[in-house]
Amino acid sequence: MTLRLATAQPARHPNPTVKAIALTHLMFERPDLDRTEAFLRDFGLRTTLRTPDELYLRGTAPAAYCYRARRARQARFVGMGFAVASRQDLLKLSRLPGASPIVRADRPGGGEMLTLVDPSGFTVEIVWNQQPADVLPHRALLTWNVGRAVARVDAFQRLPAEPPEVLRLGHVVLELADFQATSAWYTQHLGLIPSDVQVLPDGSPAVAFMRLDLGDTPADHHTLALAQGFMPLYSHSAYEVVDTDAVGMGQRVLRERGWKHAWGMGRHILGSQIFDYWQDPWGDKHEHYCDGDLLTAGLRTGIHPVSRDAMSQWGPPMPASFTRPRMTPAALGALLRNLRRSPDLTFDKLLTLAKLFG
Ligand SMILES: [Fe+2]
């Protein structure tokens, strides 16, 4: 298939304001912190702080927390945090329109922070000088017998039937109406690099998988992925576990504890992760993954046609429910409003997306 690329594709910025060095945390609002915590602990995160109104969780990696839930009347995804390398970088971002003043972070790990709002309205916290916590232990890699490479004799492969230890937060995927302005904001201000872009048959971008610019240090294939939708929505977030058995054991434990499965196991194409997706009590998808691709900053952006088949190399077909939005009256209102307002949104494009993924 020849791709027509009349529309501008998300691209790296030649001189970004700063280069973010990590995705530090996600922020949610939840009407019930007990249920939130129950799901996330079964998922493999650990509570680091719980107050009547706030819940912080972490993985085994030294980040003091990677998940924050605040008590609120309605369930809502609020946004995410990125770390920067220096106070200078924090100062540079504090000059952006709408930036909050720099404040002391009254959170696990401390440090200093400020708050930005991206063009789609997601909150972006910028964190500097957060103190690392202790690294927590996790299960060692299993010893595998592979063909004639025998590594395990007179010993048995046994796994504890427990939630797999989450190592760390890996990435978050968001849908937006204003795809171009929002992707450009992240490439321009946080230095994110599009690793791969999936385009619609008319050449317009549908999904941008973006990584951190860490120079020669390998970075996850995507830390933030943005998809063309009809309104700003949380799609899913992904958490690294140690290996395939951890992904599989996660599936068993979450199923036995009555949580709702979304899709998996399988292996993605873009990013290559072995994945399994679960819904939290509010229907928000959380992904266990292992063995993702790591890229240095030099690699060029790949352009690919978007399709349902392009989502995995193997595994069960992606269920239609995976990408179908919940069509509330508020969502319908946003759809009509954004169709009129957003330069990236046309009725034809929505129809193509609905046909591809509906
Ligand atoms: Fe993912």
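In which sense do strand 1 and strand 5 pair, and over how many bridges? The legends below refer to a predicted model, and the pairing is taken up in the first of them.

**Figure 1. Strand 1 and its two partners.** Strand 1 (residues 22-30) pairs with strand 5 (residues 76-83) in the antiparallel sense, over 7 bridges. Within this pairing, L23 stands opposite F82 of strand 5. Strand 1 is also joined to strand 4 (residues 67-71), by 5 bridges, and these two strands run parallel. Here R30 stands opposite R71 of strand 4.

**Figure 2. Surroundings of F82 in the nonpolar core.** The largest nonpolar core of the model contains 82 residues. F82 is among those with the most contacts inside this core, together with A20, Y67, V84 and I126. Strand 11 (residues 205-211) supplies the largest share of the core, 5 residues. When neighbours within four places in sequence are left aside, F82 is in contact with A20, A22, L23, T24, V124, I126 and L190. Nonpolar side chains tend to be buried together in soluble globular proteins.

**Figure 3. The cis peptide bond at G264 and M265.** G264 and M265 are joined by a cis peptide bond, with omega of about -10 degrees. M265 belongs to strand 15, which covers residues 260-267.

**Figure 4. Positive phi at S272.** S272 is found in the loop between strand 15 and strand 16 (274-279). Although S272 is a residue other than glycine, its phi is positive, near 65 degrees. Is S272 buried or partly exposed? S272 has 15 C-beta neighbours inside 10 Å and therefore counts as partly exposed.

**Figure 5. Positive phi at D154.** D154 is not a glycine, yet its phi is positive, at about 55 degrees. The residue lies in the loop that connects strand 8 (123-128) and strand 9 (168-176). D154 counts as exposed because it has 4 C-beta neighbours inside 10 Å.

**Figure 6. L336 in helix 5.** Helix 5 (residues 329-341) contains L336. With 11 other C-beta atoms within 10 Å, L336 is exposed. How many residues along the chain separate L336 from L40? The two are 296 residues apart, and their C-alpha atoms are separated by 35 Å.

**Figure 7. The whole protein chain, for orientation.** The protein chain has 6 helices and 19 strands. Its radius of gyration is 20 Å, close to the 21 Å given by the globule rule for 358 residues, so the chain is as compact as a globular protein of that length. Taken along the principal axes, the box filled by the C-alpha atoms is roughly 65 × 50 × 45 Å. Buried residues account for 41% of the 358 residues. Among contacts with a separation of 6 or more, 69% are between residues 24 or more positions apart.

Note on methods:
Residues are numbered from 1 along each chain as its sequence is written. This is a predicted model: local features need pLDDT of at least 70, side-chain atom pairs count only at pLDDT 80 or more; totals for chains, interfaces and linings use all residues. Helices (H or I, at least four residues) and strands (E, at least two) are DSSP runs, numbered from the N terminus. The radius of gyration is taken over C-alpha atoms; the globule rule is 2.2 Å times the number of residues to the power 0.38. A residue is buried if 20 or more other C-beta atoms lie within 10 Å of its own, exposed if 12 or fewer, and partly exposed in between; C-beta atoms are placed from the backbone. Two residues are in contact if their C-beta atoms, placed from the backbone, lie within 7 Å. A nonpolar core is a set of buried Ala, Val, Leu, Ile, Met, Phe, Trp, Tyr and Cys residues joined through C-beta atoms within 7 Å. Two strands pair if DSSP finds at least two bridges between them.
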